[in-house]
Amino acid sequence: MEILAVDHPLVAHKLTALRDVNTDSPTFRRLADELVTLLAYEATRDVRVSEVTVDTPLRAARGVRLTRPAPLVVPILRAGLGMLDGMTRLIPTAEVGFLGMVRDEDSLKAQTYATRLPDDLSGRQCYVLDPMLATGGTLVAAIQLLFDRGARDVTAITLLAAPEGLAVVEQAFPAETPIRIVTAAVDERLNENGYIIPGLGDAGDRLYGVV
């Protein structure tokens, strides 16, 4: 498993504003959207392309285009929806699937309540969007579901990650499994309730309010 904590001043600047308890929901949504685009730029360095030749106004030029099948972007509901626009802005030709998952606050285990994905993901590069990698249970369940449908190349994009969650994901899959995790920062630890410290609070609530 490859872990990339993006070291860039703009990433750090936007993450600091997201952490601030005084940042309101509209500003939080805008910042999360901008931050995801920056993270997606790093996460897609290995996106598959093929060489093509196009005609410019002056002469032919060689370049590349994304290959088929198109990448699949999978936000985990509900908080992952706040990351979707930032990702598809960078890859507008990507297809989008959805996973509805919720963490049981007593067991801290993920439960799936909705799935909208192709049945066969063979040959697809998949990008999972979830703001917080805390205990790791939700991401493990999501990645396993993608693997069960034939995916073999999965990248997870998160705003924050906890060391405990990273360890859980790494231990859940064989060492050679092609999994990448791209995040704005790896924080200190989890608290007794499974929240990232110092973190930024509940990402879903800060994106959409308490419902």
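Let's start with a word we'll need a lot: a residue is called buried when its relative accessible area is under 20%, exposed when it is over 50%, and partly exposed in between, using a 1.4 Å probe and protein chains only. What you're looking at is a predicted model, in which local features need pLDDT of at least 70 and side-chain atom pairs count only at pLDDT 80 or more, while totals for chains, interfaces and linings use all residues. Residues are numbered from 1 along each chain as its sequence is written, and side-chain values use heavy atoms, with hydrogens and water left out.

Now to the charged residues. Side chains of opposite charge can pair when their charged atoms come close. Here a salt bridge is a side-chain nitrogen of Lys or Arg within 4 Å of a carboxyl oxygen of Asp or Glu, and the structure holds 12 of them.

Take Glu-34 first: with a relative accessible area of 26%, Glu-34 is partly exposed. Its side chain meets that of Arg-30 in a salt bridge, 3.3 Å from N to O. Arg-30 is partly exposed too, at 44% relative accessibility. Both sit in helix 2 (residues 25-43), and because they are four residues apart, about one helical turn separates them. (Helices here are DSSP runs of H or I with at least four residues, strands are E runs of at least two, and both are numbered from the N terminus.)

Asp-33 forms a salt bridge with Arg-89, at 2.9 Å from N to O. Since Arg-89 lies in helix 3 and Asp-33 in helix 2, this pair ties together parts that are 56 residues apart in sequence.

Another pair links two loops. Arg-149 forms a salt bridge with Asp-119, their closest N and O atoms being 3.6 Å apart. Arg-149 is in the loop between helix 4 (137-148) and strand 10 (153-158), and Asp-119 is in the loop between strand 7 (110-116) and strand 8 (125-129), so the pair ties together parts 30 residues apart in sequence. Arg-149 is partly exposed at 23% relative accessibility, whereas Asp-119 is exposed at 70%. Back at Arg-30 and Glu-34, salt bridges that share partners join these two and Lys-14 into one network.

Which charged residue is buried yet has no salt bridge? That's Arg-206, whose nearest side chain of opposite charge, Asp-20, is 6.1 Å away; Lys and Arg count as positive, Asp and Glu as negative, and His and the chain ends are not counted. Arg-206 lies in helix 6 (residues 203-208). Leaving out residues up to four places away in sequence, Arg-206 touches several others, including Leu-18, Asp-20, Phe-28 and Leu-200, where contact means heavy atoms within 4.5 Å.

Next, a helix pair. Helix 4 and helix 5 (residues 163-172) pack at an angle of about 30°, with their axes 9 Å apart. Helix 4 brings Leu-139, Val-140 and Ile-143 to the contact, and helix 5 brings Val-168, Val-169 and Ala-172. The axes are lines fitted to C-alpha atoms over the stretch in contact, with angles running from 0 to 180 degrees between N-to-C directions.

Finally, glance at the backbone. The peptide bond from Arg-68 to Pro-69 is cis, with omega near 0°, and Pro-69 is in the loop between strand 3 (60-66) and strand 4 (72-77).
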